[in-house]
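Hello,

Here is the structure we talked about handing over. Please open it first, then read my notes below.

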Amino acid sequence: MIEIKGLKKIYGQGEDKVVALDGIDLTIKEGEIFGIIGLSGAGKSTLIRCLNRLEKPTEGKVIVDGFDLTKLSDDQLRLVRRRIGMIFQHFNLLWSRTVAQNVAFPLEIAGEKDKNKIKKRVTELLELVGLSDKANAYPSQLSGGQKQRVGIARALANNPKVLLCDEATSALDPHTTESILQLLASINQKLGITMVIITHEMAVIKAICDTVAVIEDGKIVESGPVLDLFTNPHTKTARRFITTINNQELPEVVLERQRASNGYSRLIRVSFLGPSAGEPIISDMIQKFNIKANILYGNIDHIKNSVYGTLTLQLIGAENDTLQALKYLEGLGLKVEVINIE
Ligand code: ADP
């Protein structure tokens, strides 16, 4: 559905030159929810703005639904843009128009003159986003979540094939964020619309994305299925995003005990898929090898529709027995990381 090849965006010239995108290659499949995560300044906004040509690439190709956006005339671009809806962090609503008039706006811009057709479509869209009772309200009378629902209805007005979401939940509280993400997921299911979500929050990726790309300094440093990123991250940046979400800061008392153990214990983190994989495996391991294991931290988490768990353990025993135990866990297909502490 979307093909990005060798995309470069350079702002300014000479000493003021900023390379915002530095050779991006990405393929986004039809119907998937594709997340792009990165820290502030990584190039996320520039990238998503190149996907509807709000930003003109310096080099490379951006092919959306078969059209290379870098090669279109202004008239062609206007038509193709109707296939690409966008929602924004700060909603970008028209404050002097009612909710219904905001949602009708893109239909009017597209040349629709039939008042009944517009009314019917607006009613459908407001129903889809759960705002049928707010048709005549003004944006200033709505909560943040309701404003974003209007943004979503407006973005869908012309039946786009792609929905671009630019930090769409960053201005919302966690509870509202969850309800907006649920709404986006259900729209993706119902309409089969491809979604590109940019965010700096791994919680957003984890909640609804199928595939994720990590962007850093204008380059994609890692990409693939979200579950793979969680179970087997390759880059430091990805690991940092994941560790933040797992909240696995070990208490100082554990670290002290570990430092005092003179090498007779080892901290490990075991990750597994599925709800019950953890406990029996650990007790089997203790029986098989001459070691003890303290469970320091355990967490079961949901990543879109899968269950993903981690256990942090302290293994106490002789070096060789501990190594055998680690091999045993790895042999069962679990991901095992040894945690080094200073
Ligand atoms: P993000 O969305 O990940 O925070 P941006 O895409 O906004 O990152 O920015 C990437 C880089 O490009 C940053 O160094 C930023 O300062 C620079 N940049 C973004 N927009 C402009 C602009 N219009 N003019 C000059 N530099 C820009």
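N159 sits in the loop between α5 and β7. Its phi is positive, about 50 degrees, although N159 is not a glycine. Is N159 buried or exposed? Exposed means over 50% relative accessible area. N159 has 58% relative accessibility, so N159 counts as exposed.

Please keep in mind that this is a predicted model.

N92 also has a positive phi without being a glycine, here about 55 degrees. The loop between β6 and α3 holds N92. N92 has a relative accessible area of 44%, so N92 is partly exposed.

K17 is in the loop between β1 (2-11) and β2. At 47% relative accessibility, K17 is partly exposed. Leaving out residues up to four places away in sequence, K17 touches I10, Y11 and G12. K17 and L164 are 147 residues apart along the chain, and 27 Å separates their C-alpha atoms.

**The chain as a whole**

The chain has 342 residues, and 48% of them count as buried. Its secondary structure comes to 12 helices and 14 strands. The C-alpha trace spans about 80 × 50 × 30 Å along its principal axes. The chain exposes about 17,100 Å². Carbon and sulfur atoms supply 48% of that area. Take the contacts with a separation of 6 or more: residues 24 or more positions apart account for 69% of them.

**The ligand**

Which residues surround the ligand? They are Y11, V18, A20, L39, S40, G41, A42, G43, K44, S45 and T46. By class, the shell has five nonpolar, five polar and one charged residues. β2 (18-28) and α1 (44-50) each supply at least two residues of this shell. The largest share, three residues, comes from α1.

- G41: a backbone N or O atom lies 2.7 Å from an oxygen atom of the ligand.
- S45: a backbone N or O atom lies 2.8 Å from an oxygen atom of the ligand.
- K44: an N or O atom in the side chain is 2.9 Å from an oxygen atom of the ligand.

How much of the ligand does the protein bury? Taken alone, the ligand exposes 550 Å², and the protein buries 57% of that.

S40 belongs to the ligand shell. S40 lies in the loop between β3 (33-37) and α1. Its relative accessibility is 76%, so S40 counts as exposed. That value counts only the protein chains as cover. S40 and K5 are 35 residues apart in sequence. In space, they are 23 Å apart, C-alpha to C-alpha.

**Helix α5**

Helix α5 covers residues 144-156, 13 residues in total. From its first C-alpha to its last, α5 reaches 19 Å. That is close to the 18 Å expected at 1.5 Å a residue. How many of the residues of α5 are buried? The count is 11 of 13, and α5 is mostly covered. The buried residues are G145, K147, Q148, R149, V150, G151, I152, A153, R154, A155 and L156.

What do these buried residues pack against? Two strands are on the list, β6 (84-88) and β7 (162-166). The helices on it are α3 (99-109), α4 (115-128) and α6 (174-191).

**Helix α6**

α6 is one of the elements that the buried residues of α5 pack against. α6 has 18 residues, so at 1.5 Å a residue α6 should span 26 Å. Its end C-alpha atoms are 25 Å apart, which agrees. The buried residues of α6 are T176, T177, I180, L181, L183, L184, A185, I187 and N188.

Both ends have a feature to look at. D173 caps the N-terminal end of α6. A side-chain oxygen of D173 lies 3.0 Å from the backbone nitrogen of H175. Just after α6, G192 takes a positive phi of about 65 degrees.

**Where to start**

I would open the ligand shell first, with G41, K44 and S45 among its residues. Then go to α5 and the elements its buried residues pack against, including β7 and α6. Finish with N159, in the loop between α5 and β7.

Best wishes

Technical notes:
Residues numbered from 1 in each chain as written. Predicted model: local features only at pLDDT ≥ 70, side-chain atom pairs only at ≥ 80, totals over all residues. Heavy atoms only, no water. Helix = DSSP H or I, 4+ residues; strand = E, 2+ residues; numbered from the N terminus. Expected span 1.5 Å × (residues − 1). Buried < 20%, exposed > 50% of the residue type's maximum accessible area, 1.4 Å probe, protein only. Contact = heavy atoms within 4.5 Å. Near = heavy atom within 4 Å. Polar contact = N/O pair within 3.5 Å; in protein donor to acceptor, adjacent residues only side chain to side chain. Areas by Shrake-Rupley, 256 points an atom, 1.4 Å probe, with all protein chains shown as cover. Nonpolar A, V, L, I, M, F, W, Y, C, P; charged D, E, K, R; others polar.
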